[in-house]
Amino acid sequence: MPRPRRPRHRRRAFSAAVLCALFVAPVPVRAESAPPSAAPAYAPCPIVRVPRPSLPAPPTPDPARPAIGGPGLKTAGLTVPPAAPTPPAVTATSWLVADLDTGAVLGACGPHRYATPASVQKLLLAATMLPKLNPAQVIQVTAADMDFEPGSSAMGVVRGGRYRIETLWLGLMLNSGNDAANVLARLGAGSAARGVEAMNAEARRLGAFDTHAATPSGLDGPRQYTSAYDLALIARACFARGDFRRYVSTRQAQVPAQPELKVKGFGMQNDNQLLFQYPGALGGKTGYTDLARHTFVGAAERGGRRLLVTLLGAESQPVRGWQQGAALLDWGFALRRDAAVGRLITPDEAVPAEHVATPEPSARAPQARTVGNADEQKVVRTGIAISVVAVLLLGLLATTWWRAGHRD
């Protein structure tokens, strides 16, 4: 016997319910599916090919992390303003040129590429401890302060010696004293280890999320990294202070004698040749370890404009690190004043510390997502609301269909 057909109005109600379910029911949406910020097309950095030692690969940046400083800086290659001349070729594996006053980034090569800092990390120590310490205070050096790599750079303090904190800052900046770094970290935080913790907290406060310190001096340590962008953030914070500008622009200083210990006084000379050979130089910091290679931070003023350069992973041939920095400064000064590819963020713009993880030796730990927690929660709330509406409509149509069936 043929199966009886449902009345037309029942079939229409059922079809409407199915169509409603298809078009109203929410489609799962992942927050990560949001389109990423536009990044510049990859362009290789102009680089001088030189023999390099075999070194461990740096951590890989998390591609899902937002581009700190703007989408124009989200590249492992070269980023420069449109129509800008090609920057000079250097041996540095990453670099950045920025305006000290406005924070505009004029150009960069791999701005967020992880690299080992060497002694330019002493700028992070300065940014952390300068506000905490009285330069006129006289302190005594302890045995623990002398615990640093034998043969590495030192200002020449002695155990039991008494020195003004101001002298230690000069020894840190002029002679890149690793002994001075240990003393200053201890004085500012209670111990060198706690000083490193304070340095990492300061890096997060500044928004330097590519940076993780393991030593106060920049001597190589586990999971110790920074980037050209982070160095610029840190250096800008340092150059905002008059005492820092005075220390890094000092060409010569005297370390006092210690008569009780029968130690004579001696002189120090600033090892940053930019200060002596580049017109308008404001100072900066050099660095070198076998792992980091040559690193450099320098600043100069020309025509009422102050520019900053940072570079990492350079070799000393055919020209030294400071000379590579000088060439990049010349390139930056030749650009229009409104030229920019990004900017140095302020501490107020830094993301919460819980979104920051320190890099592992061979891989980068997860960082902040492309879409933040607030956006993800919004997507979830929207999906729930749509689901509720769909259920109510389905219920209404089902009731209509049932009533229509009872009118047969």
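**Gln224 and the spaces in the model**

Let me start with the second largest cavity, which is lined by Pro117, Val120, Gln121, Leu124, Thr211, Thr226, Leu231 and Ile234; a cavity here is a set of points, on a 1 Å grid over the protein atoms alone, where a 1.4 Å probe fits but cannot get out, and lining residues have an atom within 4 Å of a point. This is a predicted model, in which local features need pLDDT of at least 70 and side-chain atom pairs count only at pLDDT 80 or more, while totals for chains, interfaces and linings use all residues. Residues are numbered from 1 along each chain as its sequence is written, and side-chain values use heavy atoms, with hydrogens and water left out.

The second largest cavity holds about 40 Å³ of space, a volume being the space filled by probe spheres set on the points, with grid points joined across faces, edges and corners. Its lining divides into 5 nonpolar, 3 polar and no charged residues, where Ala, Val, Leu, Ile, Met, Phe, Trp, Tyr, Cys and Pro count as nonpolar, Asp, Glu, Lys and Arg as charged, and the others, Gly among them, as polar.

Gln121, one of those lining residues, leads us to Gln224, since the side chains of Gln224 and Gln121 make a polar contact at 2.9 Å (a pair of N or O atoms within 3.5 Å; within protein, one must be able to donate a hydrogen and the other to accept it, and residues adjacent in sequence count only if both atoms are side-chain atoms). A polar atom of the Gln224 side chain also lies 2.9 Å from the backbone nitrogen of Thr215.

Where does Gln224 sit? Its place is in the loop between α5 (192–206) and α6 (228–239), helices being DSSP runs of H or I of at least four residues, and strands runs of E of at least two, numbered from the N terminus. Gln224 is buried, with a relative accessible area of 2%, buried meaning under 20% with a 1.4 Å probe and protein chains only.

Turning to the open spaces, the largest pocket has about 520 Å³ of space, a pocket being an open set with protein on both sides within 12 Å along at least five of seven lines. Of its 26 lining residues, Ser119, Gly287, Tyr288, Thr289 and His294 lie nearest its centre, and β8 gives the largest share of the lining, 4 residues. That lining divides into 5 nonpolar, 16 polar and 5 charged residues, whereas the lining of the second largest pocket divides into 11 nonpolar, 5 polar and 6 charged.

Note on methods:
Buried means under 20% relative accessible area, exposed over 50%, partly exposed in between (1.4 Å probe, protein chains only).
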